[in-house]
Amino acid sequence: MLSVVLKAVDAVNKIKLKSNPLPVLYFHRVLPTATAFCPDDWHLDNFQLLIRKLSKHFTLMSLEDALQCLENNTLPSNALCLTFDDGYQDNYELAAPVIESVGGKASFFVSTQGTERGYLWNDELLEIVKCTEAKSLVFHGKHFNLDTEEQKAAAYLSLVGQLKVLPNSTRDSHLIELQQTLGKAETPRCMMTASQLVELQNRGHCIGAHTHTHSILAYQADDVAFNEIELSVRFLNKLLPKNVTCFAYPNGWFGRDFNEQHEEMLRQSGVAYGFATNDGGITLNSPKTRLPRFMPHRKELNQFCISIKKIAGEKLSD
Ligand SMILES: [Zn+2]
């Protein structure tokens with residue numbers, strides 16, 4: 001299956017480009033081994049193959065470098081940006097070294113509560129569901145079997161979907177309710193530390209903000225949404241040698257997960273570029289606080305082929 005992906009990448013290279021919108025791909029985790037709890041994330045072996053192949057055809061640039069070049073009209077025609085959302089420690093331990101081994105740079109969007117305490121609300125939920133001895137759960141009208149690892153993973157994914165679209169306060173009280181029903185569990189650190197973020201920036205990678213508690217902004221009251229942006233930007237600006245210029249909206253679909261109001265909040269927080277998850281390539285005409293990205297992180301590799309084809313299509317049609 002991977003060979004199909006690699007052929008698609010080869011094909012891209014052969015296409016005569018008319019212009020060069022900047023393609024940006026987004027990932028989350030790069031895992032050492034497979035787990036049913038993270039079905040959409042890449043495994044290290046496949047990720048290494050992918051990066052090696054991509055590096056033969058694309059210049060892997062940090063967002064800040066690429067956007068600067070785009071504005072100066074010096075963007076290499078084969079520029080590609082790889083971005084990683086949330087701030088997981090495997091980004092530092094596995095993804096960054098692989099990208100650096102081919103001379104590339106990447107960008108990491110961090111939800112800063114994870115940096116602070118080591119994990120986000122969904123990581124806490126994962127441990128609660130994984131470690132529970134309960135065999136089933138009824139939660140707000142939904143029934144879950146928790147007999148096997150697969151059932152637990154399915155329950156976790158469904159509960160994440162249910163909780164992530166709630167206002168923060170309701171999300172947090174639901175999490176406490178689940179803890180009371182299923183039993184508490186220790187959540188180990190799974191997010192990058194402050195010093196790892198500093199190190200990545202010093203090594204030439206781009207560090208951007210991704211809200212404080214990984215909150216989908218459209219489901220929050222305005223003051224909560226603004227605070228989520230502001231807290232994460234201020235935290236990183238205090239920590240890092242260079243101020244952040246980039247922000248990725250959690251979930252990131254313009255019109256559903258964030259809107260023009262949140263773009264304005266971003267500008268008020270002093271952030272120049274906002275990244276969505278709507279497909280497209282970036283040109284000088286793209287709205288700066290609503291820049292598109294592609295999703296190649298689905299485990300089904302044909303999804304990745306589609307992403308790559310979209311990049312090619314975008315370049316051809318512009
Ligand atoms: Zn995220």
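Modeller: Buried means under 20% relative accessible area, exposed means over 50%, and partly exposed lies in between, with a 1.4 Å probe and protein chains only. This is a predicted model, in which local features need pLDDT of at least 70 and side-chain atom pairs count only at pLDDT 80 or more, while totals for chains, interfaces and linings use all residues. Residues are numbered from 1 along each chain as its sequence is written, and side-chain values use heavy atoms, with hydrogens and water left out.

Biologist: Which residues are the protein donors of the zinc ion?

Modeller: Donors are N, O and S atoms within 2.8 Å of the metal (3.2 Å for Na, K and Ca), and water is not among the atoms, so sites may look incomplete. Along the chain the donors of the zinc ion follow the spacing D-x123-H-x3-H. Lying 2.1 Å from the zinc ion, through OD, NE2 and NE2 respectively, the protein donors are D86, H210 and H214.

Biologist: In which sense, parallel or antiparallel, do strands β5 and β6 pair?

Modeller: Helices (H or I, at least four residues) and strands (E, at least two) are DSSP runs numbered from the N terminus, and two strands pair if DSSP finds at least two bridges between them. F84 has F108 of β6 as its bridge partner. Over four bridges, β5 (residues 79-86) and β6 pair in a sense that is parallel.

Biologist: Is the ring pair of F109 and F275 stacked, edge-to-face or tilted?

Modeller: Rings of Phe, Tyr and Trp (its six-membered ring) pair if their centres lie within 6.5 Å, and planes under 30 degrees apart count as stacked, over 60 as edge-to-face and the rest as tilted. The whole structure holds 10 such aromatic pairs. With centres 5.7 Å apart and planes at 45 degrees, the pair of F109 and F275 is therefore tilted.

Biologist: How many residues apart in sequence are the parts that F109 and F275 tie together?

Modeller: At 0% relative accessibility F109 counts as buried, and F275 is buried with a relative accessible area of 0%. F109 lies in β6 and F275 in strand β11 (residues 273-275), so the pair ties together parts whose separation in sequence, in residues, is 166.
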